[in-house]
Amino acid sequence: MKLDNKVKAAFEQIHADDSLKENTRTAIYHHMESFGKTRQRSVRRFATAAACILTLVLAAGGYFSYTIPAAAISIDVNPSVELQVNIYGKVIDVKGYNADGVALADELSVNHSNYADAVNSILDNEQIKSCIASDELLEITVTSGWEKNAEKMRECISDETGIDIENIYCMVDQAEVEEAHLAGISFGKYRAYLELHEMNPEITVDDIRDLTMREIRDMIEEQSGANSSSADYGKGQGNGKGSGRENGQGNGQKNGQGNANENGTAKGQKNRKQ
């Protein structure tokens, strides 16, 4: 039975003045209508509030993901700077890791730029141009939690800047990145240091901290040459000993025989003359 019929039936059972019944019925209907409108307004308010909350949550989530580094790029010549890159490929922070790097980072305006565009901006910097013109060596190192992403960024930087991909490196060991930062140097310079340290374990981070990438590469070449010379020297010593024994035996036999024959012939000739 509908609510209106229930109300009507209930009033028919009440023995009262017809005008009183009608006024009471009208008042109840108005109250019911007002309650319905109030409920609708409450639902609308709740839906609006829920939509606002959802929008805020999504906005906060988007902002949070935008500010979280997902990769980094180390650019090292003499200035050493690092670019922090988010999952959208945008630069969200720039940090210098030596005096020249700090000064360069203060000059740059690359935040919120695409990382390849940011690298190009750095290459266009007068200080970097001057270093490269002075035959300083530029090396770029990319790191990311995902190796495929690091390789993709490496290829993109090479394509967009024209830098030989052999001078763009990947560093996927995040523990080594943390070690570099604890040591107070960029992870790009630290990667070169690890290469040098493997050749000569006595070399420390402090030995290369203030060196340019050219100077570090020169040290690597020197160590490589020294190691090769040591290996060749050891190999030569072995060959020399073998040759010495062989030559000694050969010469001894030959000289002995030659002297004996020569002496014997001389003596025979002398005896015949006598």
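Modeller: Let us start with a pair of side chains: E139 and R191 form a salt bridge, and their closest N and O atoms are 2.6 Å apart. The two residues come from distant parts of the chain, E139 from strand β4 and R191 from helix α8 (residues 187-199), 52 residues apart. Keep in mind that this is a predicted model, where local features need pLDDT of at least 70, side-chain atom pairs count only at pLDDT 80 or more, and totals for chains, interfaces and linings use all residues. Residues are numbered from 1 along each chain as its sequence is written, and side-chain values use heavy atoms, with hydrogens and water left out.

Colleague: What is a salt bridge? And how are helices and strands assigned?

Modeller: Side chains of opposite charge can pair when their charged atoms come close. Here the term means a side-chain nitrogen of Lys or Arg within 4 Å of a carboxyl oxygen of Asp or Glu. Helices (H or I, at least four residues) and strands (E, at least two) are DSSP runs, numbered from the N terminus.

Colleague: How many salt bridges does the structure hold?

Modeller: There are 6 salt bridges. In another one, the side chains of E139 and R217 meet, with 2.7 Å from N to O. R217 sits in helix α10, 78 residues away from E139 in strand β4. A network of salt bridges links E139, R191, E195 and R217.

Colleague: Are E139, R191 and R217 buried or exposed?

Modeller: Buried means under 20% relative accessible area, exposed over 50%, and partly exposed in between (1.4 Å probe, protein chains only). E139 counts as buried because its relative accessibility is 1%. R191 is buried at 12%, and R217 is buried at 14%.

Colleague: Which residue forms a salt bridge with D135?

Modeller: That is R214, with the closest N and O atoms 3.5 Å apart. D135 lies in the loop between α5 (126-133) and β4 (139-144), while R214 lies in helix α10 (residues 213-273), and 79 residues separate the pair. D135 is exposed, with a relative accessible area of 52%. R214 has 27% relative accessibility, so it counts as partly exposed.

Colleague: Let us turn to the strand that holds E139. How many residues of β4 are buried?

Modeller: In β4, 6 of its 6 residues are buried, so the strand is mostly covered. E139, T141 and T143 point one way from β4, and I140, V142 and S144 point the other way.

Colleague: How do I read the pairing of strands?

Modeller: Strands of a sheet pair through backbone hydrogen bonds, either parallel or antiparallel. Two strands count as a pair if DSSP finds at least two bridges between them. Strand β1 (residues 71-76) is joined to β4 by 6 bridges, and the two run antiparallel. A72 has T143 in β4 as its bridge partner, and A71 has S144.

Colleague: In what order do the strands form the open sheet?

Modeller: The order of the 5 strands is β3-β2-β1-β4-β5, and the pairing is mixed. β3 (91-96) and β5 are the edge strands, each pairing on one side only.

Colleague: One last feature, please. Which residues of helix α4 are buried?

Modeller: In helix α4 (residues 115-123), the buried residues are Y115, A116, A118, V119, I122 and L123. They cover an arc of only 160° around the axis, which puts them on the same side of α4; the arc is that of the directions from the helix axis to the C-beta atoms. D117 is also found in helix α4, but D117 counts as partly exposed, at 44% relative accessibility. From C-alpha to C-alpha, D117 and K90 are 9.6 Å apart in space, and they are 27 residues apart in sequence.
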